[in-house]
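Let's take a walk through this model together, one feature at a time. Keep the sequence and the 3D view open as you read.

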Amino acid sequence: MARSKATFCPWLGCLGLLGCFLLGFLAGWFTKPTEKNASSSDVYQNVRQKLVAEMKAENIKQFLRSFTKLPHLAGTEQNLLLAKQIQDQWKEFGLDSAELVHYDVLLSYPNEKQPNYISVIDDQGNEIFNTSLFEPPPPGYENVTDVLPPYNAFSAQGVPEAELVYVNYGRTEDFFRLEREMGINCTGKIVIARYGKIFRGNKVKNAVLSGAQGIILYSDPADYSAPGVDAYPDGWNLPGGGAQRGNVLNLNGAGDPLTPGYPAKEYTFRYKVNEGVGIPKIPVHPIGYHDAEVLLRAMGGPAPPDSSWKGSLNVSYNIGPGFADNLSTRKVRMHVHTNNKITRIYNVIGILRGAVEPDRYIILGGHRDSWVFGGIDPTTGAAVLQEVVRSFGKMRMEGWRPKRTVIFASWDAEEFGLLGSTEWAEENARVLQERAVAYINTDSSIEGNYTLRVDCTPLLYKLVYNLTKEILSPDEGYENKSLYESWLEKDPATENNSYPRINKLGSGSDFEAYFQRLGIASGRVRYTKNRKADKFSNYPVYHTVYETFELVEKFYDPTFKKQLTIAQLRGKLVYELADSQVIPFDCRDYGEALKGYSNRIYKLAKKHEEQLKTYGVSFDPLFSAVVNFSKAAAEFHGRLEQVDKIDPVAVRIMNDQLMFMERAFIDPLGLPGRKFYRHVIFAPSSHNKYAGESFPGIYDAMFDIESKADQREAWEEVKRQISIAAFTVQAAAGTLKDVA
């Protein structure tokens with residue numbers, strides 16, 4: 001008994017000590033200040049504010065200055081060095097990882113030994129006038145090397161000789177007017193078109209369809225000079241010797257021309273260089289307006305059909321073909337020796353891992369490559385991206401993580417057909433289709449300095465409106481007013497002027513593969529010109545040697561406040577998408593948008609009322625599907641308001657329905673003749689890649705339908721496209737229904 005007692009007492013004492021320890025620990029635990037987790041509302045507000053407050057205009061200015069010192073064309077050593085610099089900085093800023101991802105794509109460069117130029121030749125073939133071989137360099141850049149002369153990437157090689165025909169902007173309607181109304185045949189001719197209105201690749205495609213041997217592109221002062229503004233460097237207008245570079249592909253979303261649909265890696269099958277997708281079969285070359293004036297002044301033939309065909313040069317803008325009177329024996333000769341070659345490019349991919357849903361991705365991406373210095377395009381975007389990454393990185397180093405993973409991307413070779421972003425999308429398509437919530441583009445943050453411009457999916461309308469109400473306007477005269485207020489006052493929506501205007505997404509930047517092919521909700525925001533008052537196209541020195549740091553500092557954004565505003569808005573968009581418990585999409589706005597788009601396409605069809613009756617064309621299935629979608633969206637958001645926010649599975653189910661909403665509009669078969677454009681509601685216009693078109697399948701089927709030889713067949717295709725659209729909208733409505 002004594003032995004048992006002796007062993008029992010120490011055991012009891014240990015239990016007592018353990019109990020005291022546990023009591024003390026629990027008391028300490030429950031009386032200590034509660035550690036704030038990332039989902040608590042006060043921390044949420046605190047991070048939101050700190051993230052934006054961390055961004056500084058001076059930092060954006062320094063990034064812009066650093067990134068624009070030297071030319072950094074895709075495929076060059078300098079652009080690789082810039083990629084490595086950005087990668088190192090992202091690691092330093094605190095991202096979990098920053099990697100270089102390479103692809104071997106087809107790029108295009110001028111021949112150093114055989115320059116590209118245009119000649120006027122006499123009847124003996126002697127060259128009596130030659131266009132400039134390079135742009136006069138801007139002050140301070142005279143000794144910079146590796147500035148490639150103006151050229152159009154992927155032009156066919158050739159030295160064609162022919163009479164010249166002036167084709168205005170080279171739009172579809174311009175060629176229709178020449179051929180159908182004026183009886184002017186462009187077959188075998190060289191055409192000259194002014195830049196502006198539409199994507200240059202569409203101009204080249206139209207020239208090829210017209211039978212032209214070659215096309216010359218130039219920037220007319222009517223489109224690239226603002227009234228009362230001096231030419232650079234004294235002002236921000238285009239000098240007469242400046243010429244716009246740019247690719248002239250018609251890829252229709254294919255990515256690398258030799259590996260359409262698949263990533264351009266070492267193991268990938270490639271087409272031969274002369275078999276590449278979308279590469280034009282005729283020579284193309286850009287010139288400045290001083291040189292263009294010499295060519296246009298000599299033109300013969302009829303006068304322009306109306307004032308819309310006249311630019312601002314001191315010439316008649318006669319159409320041709322050929323030169324007038326005593327110059328009629330002269331012709332134009334093009335010298336184009338541009339080489340296409342497979343070249344390695346590099347994306348920088350940075351990752352900030354999510355704390356709660358690391359398998360849900362928000363992508364913020366923009367390109368780094370530029371034609372020369374890239375003062376505006378793209379580096380006002382690249383500098384903003386850098387400052388946003390720095391701010392997110394600082395929050396992470398202070399202990400915060402977003403709920404969802406954020407992927408930051410510095411794309412390469414955007415200027416050569418959105419290649420870096422498309423190849424990465426192709427390589428990661430399976431993962432992105434399952435995990436990507438949204439893609440926010442960060443190309444140029446300014447293309448003007450008048451007001452905000454937004455292009456995005458209707459899912460993002462409410463979020464954009466709400467966030468712009470939280471950001472102060474940088475506009476003069478709008479001190480202490482919100483960005484929303486200045487935007488609304490300066491650019492109200494046409495259909496409802498109580499909201500600011502938001503544009504449809506077309507193409508022309510790196511969101512294309514994510515939105516148009518993969519169906520990932522996408523958006524882009526930047527500062528722009530006054531679209532009502534400013535008649536010039538884009539900004540005047542676009543894609544020239546005159547796009548410098550000084551252009552931005554002296555003329556566009558001297559305080560860098562507008563770029564800071566865009567950094568704040570892009571950063572807030574990413575933050576809300578990455579950290580909100582419920583993904584901040586609103587499907588009801590999609591329903592309203594679909595109603596407007598279906599009414600618009602029906603209104604176009606009503607111009608052919610007799611044919612609608614004759615061929616039994618009805619839009620009723622589409623209208624019915626749109627009504628069903630709007631009803632499903634309203635019911636979905638009713639359930640969303642009632643969802644148990646404490647139940648992570650219930651929230652995840654609703655979030656997945658939101659995430660996959662955009663995906664529901666994807667048709668795996670793609671649009672007719674454009675298989676990589678798979679979004680049934682939106683696509684780049686077939687006649688202008690930059691512009692977005694709604695219900696593109698129906699629109700394209702009806703375009704110029706009255707000239708189709710077989711009317712029954714043409715209207716049968718319209719009926720087929722209405723059927724596809726109606727099915728897709730109805731199927732999308734089904735994805736919003738209660739899952740149980």
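## Two cis prolines

Pro378 lies in the loop between β13 (357-367) and α9. Helices here are DSSP runs of H or I with at least four residues, strands are runs of E with at least two, and both are numbered from the N terminus. The bond joining Asp377 to Pro378 is a cis peptide bond, with omega about 5 degrees. Pro233 is found in the loop between α7 (221-224) and β9 (246-247).

Before going further, a word on what you are looking at: this is a predicted model, in which local features need pLDDT of at least 70 and side-chain atom pairs count only at pLDDT 80 or more, while totals for chains, interfaces and linings use all residues. Residues are numbered from 1 along each chain as its sequence is written, and side-chain values use heavy atoms, with hydrogens and water left out.

## Helix α9

How far apart are the end C-alpha atoms of helix α9 (residues 379-397)? They are 26 Å apart, which agrees with the 27 Å that its 19 residues should span at 1.5 Å a residue. The expected span is 1.5 Å times one less than the number of residues.

Of the 19 residues of α9, 16 are buried, so the helix is largely enclosed by the rest of the structure. Buried means under 20% relative accessible area, exposed means over 50%, and partly exposed is in between (1.4 Å probe, protein chains only). After α9 comes Gly399, with a positive phi near 110 degrees.

## Positive phi without glycine

Most residues other than glycine have a negative phi, and most peptide bonds are trans. Asn168 is not a glycine, yet its phi is positive at about 60 degrees. You will find Asn168 in the loop between β6 (164-166) and α5, and it is buried, with a relative accessible area of 0%.

Ala413 is likewise not a glycine and has a positive phi of about 55 degrees. Its place is in the loop between β14 and α10 (419-427). Ala413 is buried too, at a relative accessible area of 0%.

## Aromatic contacts

Searching the whole structure gives 39 aromatic pairs. Rings of Phe, Tyr and Trp (its six-membered ring) pair if their centres lie within 6.5 Å; planes under 30 degrees apart count as stacked, over 60 as edge-to-face and the rest as tilted. Trp411 and Tyr514 have ring centres 5.9 Å apart and planes at 25 degrees, so this pair is stacked. The pair links distant parts of the chain, with Trp411 in strand β14 (residues 404-411) and Tyr514 in helix α14 (residues 512-517), 103 residues apart. Both Trp411 and Tyr514 are buried.

Elsewhere, ring pairs link Phe515, Tyr590, Tyr597, Phe629, Phe665 and Phe682 into a cluster. Charges meet rings as well: the charged end of Arg180 sits over the ring of Phe176, 3.7 Å from its centre, and Lys469 lies over the face of Tyr484, at 4.7 Å from the ring centre. The rule here asks for NZ of Lys or CZ of Arg within 6 Å of the ring centre and within 35 degrees of the ring normal.

## Salt bridges

A salt bridge is a side-chain nitrogen of Lys or Arg within 4 Å of a carboxyl oxygen of Asp or Glu. By this rule the model has 47 salt bridges. Which side chain meets Glu181 in a salt bridge? Arg177 does, at 3.3 Å from N to O. Glu181 and Arg177 both lie in helix α5 (residues 172-181), four residues apart, about one turn of the helix. Glu181 is exposed at 62% relative accessible area, whereas Arg177 is partly exposed at 24%.

Arg177 also forms a salt bridge with Asp306 (2.6 Å, N to O). This pair links distant parts of the chain, with Arg177 in helix α5 and Asp306 in the loop between α8 (289-297) and β11 (331-335), 129 residues apart. Asp306 counts as partly exposed at 26% relative accessibility.
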